[in-house]
Amino acid sequence: MATARWLLSTLPAPSRDRARLEWQEHQVAMLPLGTLFSVVRIPGQLVAALTGCTETAELDAFMGQAIGGGPVICDPRHFRYYALVPAVMPKRWQRVADVWRVMGVELLGLGSYLGVPQVDAVEGDRARASYWSVPMDSAATLCSPPSVARLIAAGRRSTDPGVEE
């Protein structure tokens with residue numbers, strides 16, 4: 001419950017009821033990024049290249065280990081992962097953003113929105129637009145930025161072995 005309240009606090013108070021209704025009706029609520037948290041959108045192909053598999057459960061377990069247990073949302077329809085990071089990360093990582101963009105990795109912050117699943121949506125299925133690949137353990141717990149950067153660097157090396165960091 002505290003996690004849901006924290007996520008909803010990204011919205012002005014009058015909009016929180018609308019988001020709760022979106023969670024009830026659609027299982028996903030659109031929340032603004034860049035105030036409490038931002039996200040790093042990671043293509044599923046990059047994660048699959050690191051694991052050598054495409055099974056959802058294995059990919060989710062890998063993400064939990066690679067990111068150190070920080071919260072990650074999976075969009076199975078578009079095969080993307082969204083690692084929740086501190087709100088300031090898009091500004092701090094501007095220099096690497098262009099390099100990452102070539103791989104399909106995007107830094108999304110202020111001015112962007114994310115479809116955030118209900119906090120109890122922890123398993124993917126065809127009826128669900130997205131789910132928590134790695135659930136948010138508690139309010140305000142985010143991914144470690146160095147862990148996310150290491151995952152992306154490893155993905156870059158696995159998809160382009162000639163690259164040097």
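## The sheet and its strands

Axes are lines fitted to C-alpha atoms, for helices over the stretch in contact, and angles between N-to-C directions run from 0 to 180 degrees.

The open sheet as a whole has five strands in the order S5-S2-S4-S3-S7, with antiparallel pairing. Strand S5 (106–108) and strand S7 (131–134) are at the edges with a single partner strand each, so one side of each has no neighbour in the sheet. From one strand to the next, the twist averages 30°. Two strands count as paired if DSSP finds at least two bridges between them. Helices (H or I, at least four residues) and strands (E, at least two) are DSSP runs, numbered from the N terminus.

## How to read the model

This is a predicted model, in which local features need pLDDT of at least 70 and side-chain atom pairs count only at pLDDT 80 or more, while totals for chains, interfaces and linings use all residues. Residues are numbered from 1 along each chain as its sequence is written, and side-chain values use heavy atoms, leaving out hydrogens and water.

Side chains of opposite charge can pair when their charged atoms come close. A salt bridge here is a side-chain nitrogen of Lys or Arg within 4 Å of a carboxyl oxygen of Asp or Glu, and the whole structure has four of them.

One joins aspartate 17 and arginine 20, at 2.9 Å from N to O. These two residues are three apart in helix H2 (residues 13–26), so about one helical turn separates them. Aspartate 17 is exposed at 54% relative accessible area, and arginine 20 is partly exposed at 36%. Buried means under 20% relative accessible area, exposed over 50%, and partly exposed in between (1.4 Å probe, protein chains only).

Another joins arginine 18 and glutamate 22, at 2.5 Å from N to O. Both lie in helix H2, four residues apart, about one turn of the helix. Arginine 18 is partly exposed, whereas glutamate 22 is buried at 18%.

Salt bridges with shared partners link Asp98, Arg101 and Glu106 into one network.
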